[in-house]
Amino acid sequence: DTPYNSGIPLLTIFVALQDVDITMGPTTFLPGTNKSDKHAKFQSDHDNFLKGSKTVCAELKAGDCSCFDSRTIHLGGANLSEVERAMFYVSFRNPEFVAVGNPPSIKPELEGKFTLEDCSRM
């Protein structure tokens with residue numbers, strides 16, 4: 001979701017609101033792909049890059065979370081179950097970065113009002 005930058009532009013947290021098993025298409029992460037050389041290889045030859053990459057599938061229990069550097073290449077799998085996957089997610093933007101990929105989804109009047117430190121005190 002986030003192109004390579006030399007600093008960490010976003011930290012993203014996915015919180016499972018229910019058990020998410022393999023049939024529900026959990027998020028798959030490619031560890032170590034938050035680096036410039038990995039992004040370059042992915043851009044030049046996705047298929048071979050994906051075939052040769054280590055993956056970690058985030059099957060989560062209700063209340064578990066995944067916290068990751070959003071430059072890490074990740075993807076959601078197909079939901080083959082009859083249950084919709086319910087996840088809560090939030091991203092924290094490094095204030096040193098303005099444009100970081102996906103547009104923000106926070107209400108404009110709340111933009112820049114909360115930090116990760118603020119949330120840890122709630």
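Two strands pair if DSSP finds at least two bridges between them; strands (E, at least two residues) and helices (H or I, at least four) are DSSP runs, numbered from the N terminus. The model shown is predicted: local features need pLDDT of at least 70, side-chain atom pairs count only at pLDDT 80 or more, and totals for chains, interfaces and linings use all residues. Residues are numbered from 1 along each chain as its sequence is written, and side-chain values use heavy atoms, with hydrogens and water left out.

**View 1. Pairing of S1 with S6.** Strand S1 (residues 10-16) and S6 run antiparallel and are joined by seven bridges. Leu-10 has Arg-93 of S6 as its bridge partner.

**View 2. The open sheet S4-S1-S6.** Three strands, in the order S4-S1-S6, form an open sheet with antiparallel pairing. S4 (65-69) and S6 are at the edges with a single partner strand each, so one side of each has no neighbour in the sheet. On average, neighbouring strands of this sheet are turned by 15 degrees against each other, direction ignored (axes are lines fitted to C-alpha atoms, for helices over the stretch in contact; angles run from 0 to 180 degrees between N-to-C directions).

**View 3. Lining of the second largest pocket.** The lining has 14 residues, and Phe-14, Thr-27, Gly-76, Arg-85 and Met-87 are the closest to the pocket centre (a pocket is an open set of points on a 1 Å grid over the protein atoms alone where a 1.4 Å probe fits, with protein on both sides within 12 Å along at least five of seven lines; lining residues have an atom within 4 Å of a point). S5 (74-76) and S6 (87-93) each supply at least two lining residues, and the largest share, three residues, comes from S5.
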